[in-house]
Amino acid sequence: MTISFYRYRRRKFHQKPFIRNSRGLLWRVAAFSLMLVLAGCGKDHSQRTASNTDRTKLTYWCAANPQEVTLAKELVRRWNATHPNIPVHLQPLPSSQSSEEVLLAAIAGGTTPDVCSNMWPGAMDDFIAAGGLVRLDTFPDFWPFMNRRVPGDLLRSFRAKDSGYYQIPWKTNPIMIFYNKRLFNKFRIALPLKTYSQFLKAAAKIVRDFDGDGQPDYWMLYRDVKPIWWQRLFDFYPFYICASQGKTLFDGDRIAFDNDASVQVFAFFQTMYRKGYIPITQFQGDQFLAGRLATQISGPWLLAYIEKFKPHDFEYGIMPIPKPDSLPGPAYTYGDPKNISIFSTTKYPRQAWQFARWLVSRQADLRLLQICNQIPIRKGILNDSLYAPFFHSHPKMRVFARQAPYTRGVDGVSDLKEIFNAISQEYEACAIYGRRSPEEAIRRAVKRVEVIRKWNSE
């Protein structure tokens with residue numbers, strides 16, 4: 001269990017609203033930890049006993065969604081067929097409130113797997129502080145392997161506070177803007193919309209009352225207005241990464257979003273809401289496929305859904321997140337990455353490292369594309385002949401593959417969900433309801449984050 005969780009236990013339940021969420025998380029982690037320990041006395045114990053005769057058996061946890069389970073089963077089957085002396089036992093992550101809770105509980109209970117491929121970078125501080133992970137850059141071939149696979153600036157974004165690396169960058173889901181081609185053609189809007197002013201001008205053409213019923217016939221964009229932390233991963237955060245030219249919320253331990261980029265993003269969304277380009281309402285059904293939304297913010301997982309449910313005449317495209325006017329350089333975005341780590345409970349770190357490397361081999365990355373429709377974090381993927389047939393038959397995935405080097409994840413700091421909740425509440429007050437200026441809202445968000453960080457470090 002991490003130091004911060006012990007600190008939560010010493011606090012009074014009524015002292016701070018944001019501590020209540022953490023305290024609830026603490027007890028869920030503790031309860032789940034007990035479950036894992038008890039499970040270790042049953043089924044897992046028999047597996048460990050059996051391992052006495054096969055001392056190099058590894059346990060691998062994958063994400064529990066059907067596509068990744070299918071991928072993991074195939075990869076493990078292939079590995080076991082070619083590596084009989086290092087067999088791998090596959091187990092999808094046990095169900096709980098989140099995979100981070102499951103993994104923290106497993107660390108506390110000493111029941112972690114050897115390898116897990118569902119590591120969210122935002123939880124890295126907690127995992128590392130608990131002593132739960134193997135530092136991967138201690139393996140002699142780490143740097144040659146990583147330098148071949150991952151662009152240097154993207155790799156550095158996964159470096160821990162102690163300058164070590166505890167995760168293999170595996171896959172990314174770049175957040176981009178889907179757009180309705182019919183609407184854009186109807187209103188003669190040039191593409192792509194690279195800047196805020198271009199986006200707002202397009203919205204002014206699209207969002208109007210054409211039939212005289214007092215309501216717009218189309219909207220430029222729709223976002224869920226609930227101030228929930230993860231909602232900001234699909235509006236404020238990708239726009240902030242773009243506006244800051246690839247920066248995240250923190251620079252080491254220092255809060256780094258007290259800047260013009262944050263203010264510009266809040267101001268952009270405030271304008272979008274104030275002018276009615278984004279409705280403050282709840283919709284029933286998919287308004288994008290119904291043709292009433294001009295754009296939608298999402299990742300490559302949306303492609304399969306659109307292709308399955310779209311009307312026969314529905315046409316769409318994908319473009320990058322727009323930037324503040326006159327901002328130079330490429331358009332960055334949030335990459336929603338998930339990575340691979342080795343846990344410190346492993347008895348066979350060298351074999352675990354060998355297996356983890358195999359999970360990100362060229363052939364395994366191809367199957368990730370084919371089965372999961374997710375982009376491997378791999379240099380030069382569009383120039384590799386192995387992947388050419390896939391991208392030829394899935395041309396829209398090329399857009400995401402081109403964006404992948406210009407993605408960023410989240411900071412691996414403790415209390416990240418509370419931090420995003422604080423930002424989300426100021427975003428609601430400023431952008432959605434216009435009760436605060438962008439400058440004031442950002443100052444308040446920074447102050448709230450300072451309080452969260454100070455409170456939880458005492």
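The legends below describe close-up views of a predicted model.

Residues are numbered from 1 along each chain as its sequence is written. Local features need pLDDT of at least 70 and side-chain atom pairs count only at pLDDT 80 or more, while totals for chains, interfaces and linings use all residues; side-chain values use heavy atoms, without hydrogens or water.

View 1. Asp 411 sits in the loop between strand E13 (407-408) and helix H18 (416-432). Helices (H or I, at least four residues) and strands (E, at least two) are DSSP runs, numbered from the N terminus. Buried means under 20% relative accessible area, exposed over 50%, and partly exposed in between (1.4 Å probe, protein chains only). A salt bridge is a side-chain nitrogen of Lys or Arg within 4 Å of a carboxyl oxygen of Asp or Glu. The side chain of Asp 411 does make a polar contact of 2.7 Å with that of Thr 248. Such a contact is a pair of N or O atoms within 3.5 Å; within protein, one must be able to donate a hydrogen and the other to accept it, and residues adjacent in sequence count only if both atoms are side-chain atoms. Leaving aside neighbours within four places in sequence, the residues in contact with Asp 411 include Pro 121, Gly 122, Tyr 237 and Phe 250. Contact means heavy atoms within 4.5 Å.

**View 2. Helix H11, mostly covered.** H11 spans residues 236-243, and eight of its eight residues are buried. Among them are Phe 236, Tyr 237, Phe 239, Tyr 240 and Cys 242. Just after H11, Gln 245 takes a positive phi of about 60°.

**View 3. The salt bridge of Asp 125 and Lys 161.** The N to O distance is 3.3 Å. Asp 125 lies in helix H6 (residues 124-129) and Lys 161 in the loop between helix H8 (152-156) and strand E4 (168-172), so the pair ties together parts that are 36 residues apart in sequence. Asp 125 counts as buried, at 13% relative accessibility. Asp 125 and Lys 161 also belong to a network of salt bridges with Asp 253 and Arg 453. The whole structure holds 21 salt bridges.

**View 4. The salt bridge of Arg 357 and Asp 141.** Their closest N and O atoms are 2.3 Å apart. The pair links distant parts of the chain, 216 residues apart: Arg 357 is in helix H14 (residues 349-359), Asp 141 in the loop between H6 and helix H7 (142-149). Arg 357 is partly exposed at 26% relative accessibility. Asp 141 is partly exposed, with a relative accessible area of 26%.

**View 5. The salt bridge of Glu 426 and Arg 436.** N and O lie 2.9 Å apart. Glu 426 is in helix H18 and Arg 436 in the loop between H18 and helix H19 (438-457). Glu 426 is buried, with a relative accessible area of 1%.

**View 6. An open, mixed sheet of six strands.** The order is E2-E1-E3-E11-E4-E12. Strands E2 (88-92) and E12 (375-376) are the edges, each pairing on one side only. Two strands pair if DSSP finds at least two bridges between them. E1 (residues 58-62) runs parallel to E2, joined by five bridges. Cys 62 stands opposite Pro 92 in E2.
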